[in-house]
Number of protein chains: 2
Amino acid sequence: MPTDLNQIALSNRRKVLDALRISGRMARVELAETTGLSPATVTAVTAELLNEGFVEACAGEGDGAARRGRPKVDLRLRPDAARVAGVKISLHRISVTITNFAGELLGASEISVRANHQPPERIAQMVDEALETALRAQEMSRNALHGVGIGLPGFVDGETGVSHWSPVFGEGAYDVAALFSKQLQLPCFVDNDANLATVAEHWFGRGKGRGDMLAVTIEHGVGMGMVIGGRLYRGAHGIGAEFGHTKIRPGGALCRCGQRGCIEAYLADYAILREVSTFRRTADPFDPLAVHAALAEIQAEGMAGDPRIRAIYARAGEILGIGLANLINIFGPELLVVSGAGSSAAPLFEPAMREALAANTLSAAVDRTPVEITQSSDALWAHGAAALVLTRSAFGSA
Amino acid sequence: MPTDLNQIALSNRRKVLDALRISGRMARVELAETTGLSPATVTAVTAELLNEGFVEACAGEGDGAARRGRPKVDLRLRPDAARVAGVKISLHRISVTITNFAGELLGASEISVRANHQPPERIAQMVDEALETALRAQEMSRNALHGVGIGLPGFVDGETGVSHWSPVFGEGAYDVAALFSKQLQLPCFVDNDANLATVAEHWFGRGKGRGDMLAVTIEHGVGMGMVIGGRLYRGAHGIGAEFGHTKIRPGGALCRCGQRGCIEAYLADYAILREVSTFRRTADPFDPLAVHAALAEIQAEGMAGDPRIRAIYARAGEILGIGLANLINIFGPELLVVSGAGSSAAPLFEPAMREALAANTLSAAVDRTPVEITQSSDALWAHGAAALVLTRSAFGSA
């Protein structure tokens with residue numbers, strides 16, 4: 001019983017903090033409407049947060065002329081109440097951001113790595129180094145951080161922090177959250193990197209204020225995140241949104257997952273590189289830094305007019321467009337964002353993508369969901385990782 | 001302001017009623033935990049519901065020996081507090097159920113119709129007749145009903161009650177909820193029929209107590225409904241879950257929607273009939289009663305061993321299995337149910353479906369989501385339509 005009541009109290013705290021973080025500022029009565037909590041509960045929770053210094057009062061905004069009687073008081077987060085870090089682990093790069101309690105970016109830094117098929121302990125050390133670099137740039141001590149959010153490619157259970165498979169570690173399940181918490185000496189929250197890209201787009205990017213949105217990410221793999229009813233949706237088992245492994249061409253191109261015809265097998269970095277390797281020597285596909293450099297070169301040649309490269313990207317765009325149409329037919333989201341390093345090739349794949357999208361979306365749905373390609377930086381994803389800490393932690397005992 | 005507060009009060013009433021309907025009975029403290037409402041709010045809302053006669057108190061269940069002090073009091077819905085009707089409109093049949101306030105089935109009846117491409121006014125008259133038949137069988141007057149839930153195939157916006165396209169009406173958008181409310185002289189709620197099948201499975205069928213489940217329906221079309229976080233999810237625009245029009249074979253079989261390669265174009269009644277018509281004369285595809293009879297015959301011949309029919313269903317099963325694998329990869333649901341009249345052909349399509357499902361689901365997800373084929377009756381769907389009324393209406397002013 002005490003545990004249950006405590007959990008309700010924590011959940012109420014999170015609801016109030018999230019509402020303030022998304023809206024910027026709100027009066028208590030608006031907080032009650034937005035969170036669905038009773039006015040009495042909102043008064044109690046906000047009194048506690050004010051007392052602890054996480055929230056501060058400010059003069060109300062808005063319709064001054066129309067208002068009579070007591071001046072309206074808004075509440076907002078106190079930006080300096082806490083600081084958190086966000087980390088994005090890619091195969092060739094580790095990016096770190098530091099944000100304040102309001103989710104505002106204080107600084108970002110990155111280090112180059114070769115992070116494929118490494119023991120988790122080695123990756124934890126790399127993250128430790130990257131975090132230390134970021135802290136030094138901010139002249140901050142590690143003790144000033146409340147926690148670290150970490151985005152990882154692969155099948156990562158965001159609820160438990162366990163990685164079931166990741167190109168970073170190779171085969172095997174690891175309790176990454178526990179391992180990283182020990183190495184960094186800070187509470188760590190781990191999630192699939194596409195989920196964090198989705199949180200970043202929902203909080204800070206194109207999806208701000210949307211209730212239902214999808215984000216598809218193109219990097220070394222093809223990922224996806226879903227916001228449903230304003231919250232990140234992870235599926236019943238913590239691992240969902242494996243859009244990259246939905247099949248568009250059964251029996252088609254071979255995927256790294258061992259199956260055939262997955263979207264990823266046409267669109268991911270390794271798939272593009274494999275196609276190009278048919279007619280000329282390219283980078284070692286297991287050297288992530290070399291892959292990164294080779295793809296930049298391939299895209300430049302495609303944009304300069306190489307017809308073989310243009311045809312490869314046109315086919316990838318067609319497959320992507322059909323896959324996105326399937327998502328729109330199923331979800332009918334308010335917005336669909338395509339992001340990730342691979343979106344830098346948009347000039348090469350976008351025309352075929354738009355054509356396939358229009359040809360395969362139901363006519364009743366075709367104009368309702370805008371599809372936007374955005375070239376988000378790794379820093380934006382790391383910013384999403386920091387946001388994860390802000391939503392997962394209730395900051396202080398309740 | 002009064003409107004907003006009133007909406008919060010209505011929403012709190014619905015939360016309490018839904019929790020009692022799903023659980024059967026609950027103490028106030030459990031209601032607070034389940035709904036997330038404060039104990040004070042639960043006390044206020046249940047006092048009102050007790051006073052109005054929608055809820056009644058009963059002796060608490062459970063750990064008598066371990067309990068000390070005041071005996072525990074549970075609350076439950078008063079089954080006789082209200083009655084509602086549910087209607088499923090198929091092209092060849094209209095099914096009606098009457099349920100009490102607890103969602104318990106009191107009676108079901110059906111009439112045969114030819115309901116394709118009819119003016120909405122004509123359909124409303126047919127539903128009126130079917131409802132009258134059901135009421136007579138129960139010796140009930142129409143005044144005893146609080147409302148009617150109606151399931152309709154096609155692109156139906158469950159929020160607004162507008163049908164944007166339905167095989168029942170043909171082309172054109174109609175405010176079906178308003179039209180039916182006028183004809184039946186009762187509040188009517190209209191939704192996509194697959195959504196109501198999903199509600200039925202979630203409340204009364206295989207999905208009872210599941211937080212995340214999907215239901216795929218095979219009838220004259222292929223539909224889908226999603227329960228996410230315990231609630232029916234309709235997408236941002238009210239029309240979602242068009243699984244039947246996701247593409248598995250781009251450029252493949254022609255679909256009634258005008259596009260190619262949709263799942264429906266391999267699996268729906270019309271698709272099976274079209275294949276069979278290649279080698280022999282079958283029913284007029286625009287006569288729904290004849291289609292219904294012809295399909296029963298075709299399935300019987302397939303089960304008796306006709307290799308051409310078996311091959312048609314095996315291909316349909318393969319396409320279905322790939323489509324279901326895509327859904328599992330994206331959603332990772334707790335349960336996936338396949339239902340609808342078309343599931344009577346399961347002995348013909350299930351082996352190929354299971355094989356394709358196993359071959360195309362991610363290995364990390366393959367054993368997590370049970371896929372169950374159920375031969376639900378039209379009455380179960382109509383039961384779901386009645387449940388819709390129970391969830392949509394707050395019963396009495398708040």
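Student: Does S166(A) count as buried or exposed, and at what relative accessibility?

Tutor: S166(A) has 0% relative accessibility, so it counts as buried. The term buried means under 20% relative accessible area, exposed means over 50%, and partly exposed is what lies in between (1.4 Å probe, protein chains only). Before going on, note that this is a predicted model, in which local features need pLDDT of at least 70 and side-chain atom pairs count only at pLDDT 80 or more, while totals for chains, interfaces and linings use all residues. Residues are numbered from 1 along each chain as its sequence is written, chains are lettered from A and ligands numbered from 1 in the order in which they are written, and side-chain values use heavy atoms, with hydrogens and water left out.

Student: Where is the place of S166(A), and what does S166(A) touch?

Tutor: S166(A) sits in the loop between β9 (162–165) and β10 (174–175) of chain A. Such labels are DSSP runs numbered from the N terminus, with helices (H or I) of at least four residues and strands (E) of at least two. A contact means heavy atoms within 4.5 Å. Not counting residues up to four places away in sequence, S166(A) touches L152(A), P153(A) and G154(A). From S166(A) to L152(A) there are 14 residues in sequence and 7.5 Å in space, C-alpha to C-alpha.

Student: How is chain A divided into domains?

Tutor: The bounds come from an automatic or database domain assignment. Chain A has domain 1 (2–80), domain 2 (82–199 + 380–392) and domain 3 (209–375). Between the C-alpha centres of domain 1 and domain 3 of chain A the distance is 40 Å.

Student: Which residues are in contact with T374(A)?

Tutor: With neighbours within four places in sequence left aside, the contacts of T374(A) are E201(A), R206(A), V337(A), V338(A), S339(A), G340(A) and S343(A). T374(A) itself is in the loop between β16 (371–373) and α12 (378–392) of chain A, and at 8% relative accessibility T374(A) counts as buried.

Student: How many salt bridges does the rule find across the interface of chain A and chain B?

Tutor: Zero salt bridges are found there. The count of residue pairs in polar contact between the two chains is 14, both residues being at pLDDT 80 or more. A polar contact is a pair of N or O atoms within 3.5 Å; within protein, one must be able to donate a hydrogen and the other to accept it, and residues adjacent in sequence count only if both atoms are side-chain atoms. On the side of chain A that touches chain B, α10(A) gives the most, with six residues. The contact takes 51 residues from chain A and 51 residues from chain B.

Student: Which residue in the loop between β6 (105–112) and α4 (120–137) of chain B has its place there?

Tutor: That place belongs to H117(B). H117(B) has a positive phi of about 55° although it is not a glycine, and at 52% relative accessibility H117(B) counts as exposed. Q185(B), likewise not a glycine, has a positive phi of about 60°. Q185(B) is in the loop between α5 (176–184) and β11 (188–192) of chain B and counts as exposed at 62%.

Terms used
A salt bridge is a side-chain nitrogen of Lys or Arg within 4 Å of a carboxyl oxygen of Asp or Glu.
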